[in-house]
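Look at the two chains below.

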Amino acid sequence: MTRKILKSAISAVALSLLAGAAAAEVGDQLQVNGDLDLVVETAAPAHMADTGIRTIYSGWVFRDADTQAMQMDDFDNPGLLYVDQGAEMWATPAGTSEKSCADCHGDASESMAGVRAVYPKWNESAGEVRSLQMQINACRTEQQGAEAFKYGKDEINAMEAFISMQSRGMPVNVAIDGPAQSTWEQGKELYYSRFGQLELSCASCHEQNYDNYIRADHLSQGQINGFPVYRLKDTKLTSSAGRFVGCVRDTRAETFKVDSPEFVALELYVASRGNGLSVEGVSVRH
Amino acid sequence: MADNVTPRVRVPKSASAGEVISIKTLISHIMESGQRKDGDGNLIPRSIINRFTCDFNGQNVIDVTLEPAISTNPYFEFQSTVPEAGTFTFTWYDDDGSVYTDTKDITVG
């Protein structure tokens, strides 16, 4: 644990002592709705041995108390509006097949439990690594005979949020070996590649400088276990690929497209750095 | 009519007589301010929730006028005294004339 996180944890305790029992304790324990504990801090997976990071933290740890609190209660979490929208789409027939997701997959709380935790994942019949969003769109075009959702837009993010919610609390566990390995290696290379006029790689901020400030922003480890996230500044959901676009743009580079194979590889690699953290369903970040 | 408008309310199921309870409400709504322009430079017409009320057994608890500067998905948290068992009625008024309501019962024990 880095010094600053430790310090803020201590001051959070001191504050909560001052405030008495006024507010739910915020800082290092993420409990949703008073009954579901999520893992926001755990040992780094084995493949990160040479990164110098021993402990991985959810992005939730780095946000301020108000934002943290919003995620601790489903009523206060605006992302749940999109989960409801996703649930509605799940049950609505689409395309030439006139079938809904539910017609094949039934009750999502059973059929989709654990799905978010293992994506991006190798798809044998397609011969590629697919992100969850790609899989959703494959289902739409191949099974439902419907038009693919547009990447980066609300509909696909809402569907991902709904599916993600069914795995809330389960540990992220993406496979990085076997057929997915070459994609994972590609993602790793991207993670350490410097982009843009500012010549920043993902690692420059999220590996070497997490817990420091970049101007006014508290740098996290760039974990994506909480995605899709409800971003308060956008007042809507953002997917991990959508966030990558924003990050690369901020280095003053031309970014890859939101649905590019590069970002699928990066998503797999970044997800694997969070193996062991809880899927947060839909998280709240600023 | 604005799309995907769904009211949500959280009220405790029971309270002791005279207790002050906390109520949370949220309605999903775009709250289009009427100040923005679309891609072609045309003004996007204003579409907001302009009034929100809460009544308890016919007696008004809160009556709010909302203005265009209020952001998407307006959220209210407020307190109410519960003198007796009864029903809270929540009403949202949309610019387009739509009225959305929700009710919650509370017991006193």
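Buried means under 20% relative accessible area, exposed means over 50%, and partly exposed lies in between (1.4 Å probe, protein chains only).

## The model

This is a predicted model, in which local features need pLDDT of at least 70, side-chain atom pairs count only at pLDDT 80 or more, and totals for chains, interfaces and linings use all residues. Residues are numbered from 1 along each chain as its sequence is written, chains are lettered from A in the order in which they are written, and side-chain values use heavy atoms, with hydrogens and water left out.

## Where the chains meet

Chain B brings 11 residues to the contact, and chain A brings 8 residues. Contact here means heavy atoms within 4.5 Å. The area buried between the chains is about 870 Å². Carbon and sulfur atoms give 53% of that area. Buried area is the accessible area (1.4 Å probe) that two parts lose on being put together, summed over both.

## Salt bridges across the interface

The rule finds 4 salt bridges between chain B and chain A. A salt bridge needs a side-chain nitrogen of Lys or Arg within 4 Å of a carboxyl oxygen of Asp or Glu. A:D73 pairs with B:R10, with the closest N and O atoms 2.8 Å apart. A:D73 counts as buried because its relative accessibility is 13%. B:R10, at 36%, counts as partly exposed.

In a second pair, B:R8 meets A:D84 at 2.4 Å, N to O. B:R8 lies in strand β1 of chain B and A:D84 in helix α3 of chain A, so this pair joins two chains. Helices (H or I, at least four residues) and strands (E, at least two) are DSSP runs, numbered from the N terminus. B:R8 is buried at 16%, while A:D84 is partly exposed at 37%.

## Inside chain A

A:E142 and A:R130 also form a salt bridge, their closest N and O atoms being 3.9 Å apart. This pair links distant parts of the chain, with A:E142 in helix α7 and A:R130 in strand β6, 12 residues apart. A:E142 is exposed at 54%. A:R130 is buried at 9%.

Which buried residue has no salt bridge? A:R231 is buried without one, and the nearest side chain of opposite charge, A:D234, is 4.1 Å away. For charge, Lys and Arg count as positive and Asp and Glu as negative; His and the chain ends are not counted. A:R231 sits in strand β9 of chain A.
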